[in-house]
Amino acid sequence: MAASSSRGGPFNGNAAPFRSRDGLSTRQAASSDEIQLRIDPMSANFDDEITGLRSQVRMLRNVAQDIGTEAKFQKDFLDQLQMTVIKAQASVKNNIRKLNKSIIKNGSNHIVHVVLFALLCFFIVYLWTKVSRR
C-alpha cells in the first residue's frame, strides 16, 4: 500500500466508497489491483488503524481461501457426477442393444400376446355392456 498526500479523486472501483475511520480514505490507483490510502496527519491513531486494516486483510484472505476450497470441492463433485452419468448412459445403451438382439433372436411373440390379451379384454367388456343393457 502506498501512502500519498495528493488531492482527493474518485474512489477506486474495488474499494468501498466510504471512509473506514477518520483520517483514511481510498483513492484511485495506477493499477487496478492496488489501493492507495490518503492519511490525514491530524488523526494520531495510525497503529490502531493499521492493525485493523491488517486484520481485515487477513479475514478477506481467509474468506478467499474458503471460497477457493469450496469451488474446488464443487468442481470435483461435478466431475464425479458427470463421470457417473456417462457410465449410466453407456450402460443403458448397452442394455438396449442386448434387448434388441434378444427380441430379434427370439422373435416378437410377446407383443402378439399383449395385443391378443388387449383384444380379449375389449371383447369381454363389449359383451358385458351388451348383456347388462338387456
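**Figure 1. Contacts and overall make-up of the predicted protein model.** Among contacts (heavy atoms within 4.5 Å) between residues at least 6 apart in sequence, 32% join residues at least 24 apart. This is a predicted model, where local features need pLDDT of at least 70 and side-chain atom pairs count only at pLDDT 80 or more, while totals for chains, interfaces and linings use all residues. Residues are numbered from 1 along each chain as its sequence is written, and side-chain values use heavy atoms, leaving out hydrogens and water. The protein has two helices and three strands. Both kinds of element are DSSP runs numbered from the N terminus: helices are H or I with at least four residues, strands E with at least two. Their order from the N terminus is β-β-β-α-α. Of the 134 residues, 10% are buried. Buried means under 20% relative accessible area, exposed over 50%, and partly exposed in between (1.4 Å probe, protein chains only). The accessible surface comes to about 12000 Å² (Shrake-Rupley method, 1.4 Å probe; for residues, only the protein chains shown count as cover), and carbon and sulfur atoms hold 62% of that surface.

**Figure 2. Asp 76 pairs with Lys 72 in a salt bridge.** Side chains of opposite charge can pair when their charged atoms come close. A salt bridge here is a side-chain nitrogen of Lys or Arg within 4 Å of a carboxyl oxygen of Asp or Glu. The whole structure holds two salt bridges. For Asp 76 and Lys 72, the N to O distance is 3.2 Å. Both residues sit in helix H1 (residues 46–106), four residues apart, or about one turn of the helix. Asp 76 is partly exposed because its relative accessibility is 36%. Lys 72 reaches 53%, so it counts as exposed.

**Figure 3. Asp 79 and Lys 75 form a salt bridge.** Their side chains meet at 3.2 Å, N to O. Helix H1 carries both Asp 79 and Lys 75, four residues apart, about one turn of the helix. Asp 79 has 34% relative accessibility and therefore counts as partly exposed.

**Figure 4. A nonpolar surface patch includes Leu 119.** Its members are Ile 111, Val 112, Val 115, Leu 116 and Leu 119, with about 450 Å² of accessible area together. Patches take residues with over 30% relative accessible area and no salt bridge; like charges are joined within 9 Å, nonpolar side chains (Val, Leu, Ile, Met, Phe, Trp, Tyr) within 5 Å. Leu 119 lies in helix H2 (residues 109–133). Leu 119 counts as exposed because its relative accessibility is 52%.
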